[in-house]
Structure formats: C-alpha cells, structure tokens
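Q: Please take a close look at the aromatic rings in this model and at the sheet and helices around them. A plain account will do.

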Amino acid sequence: MADVPVIRADALTKHYGKRRGIEDVSFEVRRGEVFGFLGPNGAGKTTTMRTLLDFLRPTSGRAELFGLDSRTGSVEIHARIGYLPGELALWDRMRGEDCLRFMASLRGGVPWERVRGLANRLGADLDARIGSLSHGNKQKLGVIQAFMHDPELLVLDEPTGALDPLVQHEVHGLIREAGSAGRTVFLSSHILPEVEALCDRVGIIREGRLV
C-alpha cells in the first residue's frame with residue numbers, strides 16, 4: 001500500500017530505569033524517502049532505531065513498519081530490511097566472506113556477484129579474518145550485509161563512521177542509488193553536511209526528544 005508510511009513512530013518512549021532514553025518521539029517516513037535522523041552523540045538516535053526494530057521494547061508508545069506492528073510483525077519486518085547497527089559485532093575468527101555467506105544464507109541466499117560488486121566498490125577484504133581488520137574495514141562488511149539483498153528499507157546507524165573519505169563517498173553513492181530505485185532509507189548521523197547532502201527530510205533529536 002503506497003500510501004502507508006514505511007515507518008511510523010507514535011509517542012515512542014523508552015526509559016532505562018530512571019535514565020532517559022527517548023521521550024514521546026513521533027514521526028513518519030514515506031516510501032522512497034531518504035530520511036535523516038540528526039543529533040549529537042547520546043541524543044537518542046540509536047535507542048529510537050533499536051526500539052523501531054523491536055531490539056528494545058518501548059516503555060510506552062508504538063511503532064509500525066510497512067503498516068505492521070513492530071512487535072507482532074517483527075519477523076516479517078526483519079526480512080524486508082537491511083540494518084547497520086551503530087555498534088557492529090561480528091565473529092572475529094571468521095573470514096569476511098564466510099561471515100557474509102552465512103548472513104546471506106539466513107536470508108535465503110543472495111547473488112554472490114552482488115556481494116563481490118559491493119566489496120569491490122568499498123575496497124573490502126573478504127579473505128582476511130575479521131579479528132585482524134581495523135574498525136573501518138569491519139564497517140565495510142557491515143555496509144555490505146545491509147545492502148547486499150536490496151532491501152525495501154535500509155536502517156543505517158551512523159553508516160560512515162570510521163570510514164575514510166573515499167569510502168564515505170561510495171557509501172553516499174549507495175544511499176543515493178537506493179533512494180533513486182524507490183527504496184526507503186532511514187539514516188542517523190551527527191554530521192550536518194552528510195545529512196544535508198543525502199536526505200529528503202530531516203528529523204532533529206536532542207536529549208531524547210524531537211526538536
């Protein structure tokens with residue numbers, strides 16, 4: 001249904017005991033839109049994303065993705081998204097290729113030429129063991145796994161963190177291409193020029209609230 005927002009947050013609130021997470025966050029992201037979520041570190045960007053994807057349960061409020069409740073519809077939702085977490089955890093003893101093949105198998109298979117093409121664009125070393133890679137080179141693997149299956153929705157938490165400028169440029173190109181292809185991108189960043197260059201609309205969050 002083209003008129004149903006791909007993401008809808010309705011008064012989404014998450015507390016960690018007495019600590020503030022996010023408070024009364026409401027917004028919509030339309031199909032085919034590149035939506036930027038801008039704010040300083042600790043503002044609530046990651047908490048919002050993880051709550052939207054049912055990795056965290058909200059204290060109150062609710063979220064829908066593709067018109068499905070984020071909790072009861074989480075299995076179908078996760079099958080239709082590509083997610084790059086802000087704190088990427090991979091298996092140090094695996095090679096990059098083995099890790100991506102395993103992730104692809106969980107999705108029912110991904111054309112390997114697509115993975116190779118992404119690796120070439122980003123300069124990713126798929127033969128090295130992940131534990132030997134720098135933070136930036138691990139981030140390349142995270143970007144590949146998010147994009148490799150051409151998902152309907154990309155949820156990208158600080159996707160260019162730790163990447164050198166040339167690789168950042170390639171990631172920006174991937175995001176623009178996804179938007180041009182009618183896919184939806186929900187992108188968090190604390191870098192204003194990046195958001196200005198990439199996004200159709202922007203939500204600004206500070207101290208857990210949309211401002």
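**Aromatic rings and the sheet**

A: This predicted model holds 7 aromatic pairs. One of them joins Phe-27 and Phe-37, whose rings are tilted, with 5.7 Å from centre to centre and 35 degrees between the planes. This pair links distant parts of the chain: Phe-27 belongs to strand S2 (residues 19–29) and Phe-37 to strand S3 (residues 34–38), 10 residues apart. Phe-27 has a relative accessible area of 10%, so it counts as buried, the cut-off being under 20%. For Phe-37 the value is 0%, and this residue is therefore buried too.

Phe-37 also pairs with Phe-186. That pair is again tilted, at 5.3 Å centre to centre and 40 degrees between the planes. Here too the pair links distant parts of the chain, with Phe-37 in strand S3 and Phe-186 in strand S8 (residues 184–189), 149 residues apart. Both Phe-37 and Phe-186 are buried.

Strands S3 and S8 both belong to an open sheet of 6 strands, in the order S6-S7-S8-S3-S9-S10 and with mixed pairing. At the edges stand strand S6 (81–84) and strand S10 (209–210); each has a single partner strand, so one side of each has no neighbour in the sheet. For S10 the partner is strand S9 (residues 201–206), and the two pair in the antiparallel sense over 2 bridges. Within this pairing, Ile-205 has Leu-210 of S10 as its bridge partner.

Helix H1 (residues 45–52) lies across S3, S6, strand S7 (153–157), S8 and S9, and runs at about 150 degrees to S8.

Arg-101 lies over the face of Trp-112, and the distance to the ring centre is 3.9 Å.

Conventions: Residues numbered from 1 in each chain as written. Predicted model: local features only at pLDDT ≥ 70, side-chain atom pairs only at ≥ 80, totals over all residues. Heavy atoms only, no water. Phe/Tyr/Trp six-rings, centres within 6.5 Å; stacked < 30°, edge-to-face > 60°. Helix = DSSP H or I, 4+ residues; strand = E, 2+ residues; numbered from the N terminus. Buried < 20%, exposed > 50% of the residue type's maximum accessible area, 1.4 Å probe, protein only. Lys NZ or Arg CZ within 6 Å of the ring centre and 35° of its normal. Pairing = 2+ DSSP bridges. Contact = heavy atoms within 4.5 Å. Axes fitted to C-alpha atoms, helices over the stretch in contact; angles between N-to-C directions.
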